[in-house]
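I opened a new model today and kept notes as I went. Here is what I looked up, in the order I got curious.

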Amino acid sequence: MVKNSFISIISQEKNKENRGSVEFQIVSFTNKIQRLTSHLQLHKKDYSSERGLRKILGKRQRLLAYLSKKTRVHYKEFKELMDQLENKKTTVHYKEFKELIDQLEKKTR
């Protein structure tokens with residue numbers, strides 16, 4: 001059920017954003033992390049999914065570090081932003097994430 005809603009979000013916004021952008025990749029990794037976390041709460045001995053989750057967490061961390069260097073915003077601010085988005089317990093939308101990043105950039109200038 002969750003997978004279908006994630007696919008529908010991507011198909012709706014297919015033409016509106018650049019899927020190769022760092023911001024979009026971070027958003028998609030965040031949504032995958034949320035799905036895998038809920039899956040692992042049900043299936044505690046699914047070690048292959050746990051390994052995949054760790055790999056995605058590492059990729060997202062590297063992308064966040066790159067993005068913080070690229071936009072000159074401190075990593076701590078990005079971490080706080082990601083924590084806020086993860087606490088919402090809903091899928092993260094690209095537009096919302098992009099707007100928050102732009103606001104952080106304006107603060108630091």
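**Entry 1: starting with Val22.** Which residues does Val22 touch, not counting residues up to four places away in sequence? I looked, and the list is Leu63, Tyr66 and Leu67. Before going on, I noted that this is a predicted model. Val22 itself sits in helix α2. I then checked its accessibility, and Val22 counts as buried because its relative accessibility of 13% falls under the 20% cut-off.

Entry 2: I wanted the confidence next. The chain averages a pLDDT of 79, and 79% of the residues score at least 70. Helix α3, residues 47-71, has the highest confidence, with a mean of 91. Helix α1, residues 2-12, has the lowest, with a mean of 52. Where pLDDT is low, the predicted coordinates should not be read in detail.

**Entry 3: the overall layout.** I went through the secondary structure and got 5 helices and 0 strands. Read along the sequence, the pattern is α-α-α-α-α. The chain has 109 residues, and 36% of them are buried. I also looked at contacts between residues at least 6 apart in sequence: 60% of these join residues at least 24 apart.

**Entry 4: two helices side by side.** How do α2 and α3 pack? Their axes are 9 Å apart, and the angle is about 150°. That angle is over 145 degrees, so α2 runs roughly antiparallel to α3. I noted the handedness too: α2 passes α3 in a left-handed crossing.

**Entry 5: Arg60.** I picked a residue in helix α3, and Arg60 is one. Is Arg60 buried or exposed? It is buried, because its relative accessible area is 6%, under the 20% limit. Next I listed its contacts, leaving aside neighbours within four places in sequence. Arg60 is in contact with Ile26, Phe29, Thr30, Ile33, Met82 and Glu86. I took two C-alpha to C-alpha distances as well. Arg60 and Ile26 are 34 residues apart in sequence and 5.8 Å apart in space. For Val22 and Arg60, the separation is 38 residues in sequence and 9.5 Å in space.

**Entry 6: Ser49.** I stayed in helix α3, where Ser49 also lies. Ser49 is buried as well, because its relative accessible area of 16% is under 20%. What does Ser49 touch, not counting residues up to four places away in sequence? I found Leu36, His39 and Leu40.

**Entry 7: the nonpolar core.** In soluble globular proteins, nonpolar side chains tend to be buried together. Here the largest nonpolar core has 20 residues, and the ones with the most contacts inside it are Ile26, Leu67, Leu81 and Phe97. Which helices each supply at least two residues of this core? My list reads α2 (22-42), α3, α4 (75-87) and α5 (94-108). The largest share comes from α2, with 7 residues. Last, I followed up Leu81. Not counting residues up to four places away in sequence, Leu81 touches Phe97, Leu100, Ile101 and Leu104.

Notes: Residues are numbered from 1 along each chain as its sequence is written. This is a predicted model: local features need pLDDT of at least 70, side-chain atom pairs count only at pLDDT 80 or more; totals for chains, interfaces and linings use all residues. Side-chain values use heavy atoms; hydrogens and water are left out. pLDDT is the predictor's confidence in each residue, from 0 to 100. Helices (H or I, at least four residues) and strands (E, at least two) are DSSP runs, numbered from the N terminus. A nonpolar core is a set of buried Ala, Val, Leu, Ile, Met, Phe, Trp, Tyr and Cys residues joined through side-chain atoms within 4.5 Å. Buried means under 20% relative accessible area, exposed over 50%, partly exposed in between (1.4 Å probe, protein chains only). Contact means heavy atoms within 4.5 Å. Axes are lines fitted to C-alpha atoms, for helices over the stretch in contact, and angles run from 0 to 180 degrees between N-to-C directions. Angles under 35 degrees count as roughly parallel, over 145 as roughly antiparallel, 65 to 115 as roughly perpendicular and the rest as oblique. A crossing is left-handed if the near helix is turned anticlockwise from the far one by less than a right angle, and right-handed if clockwise.
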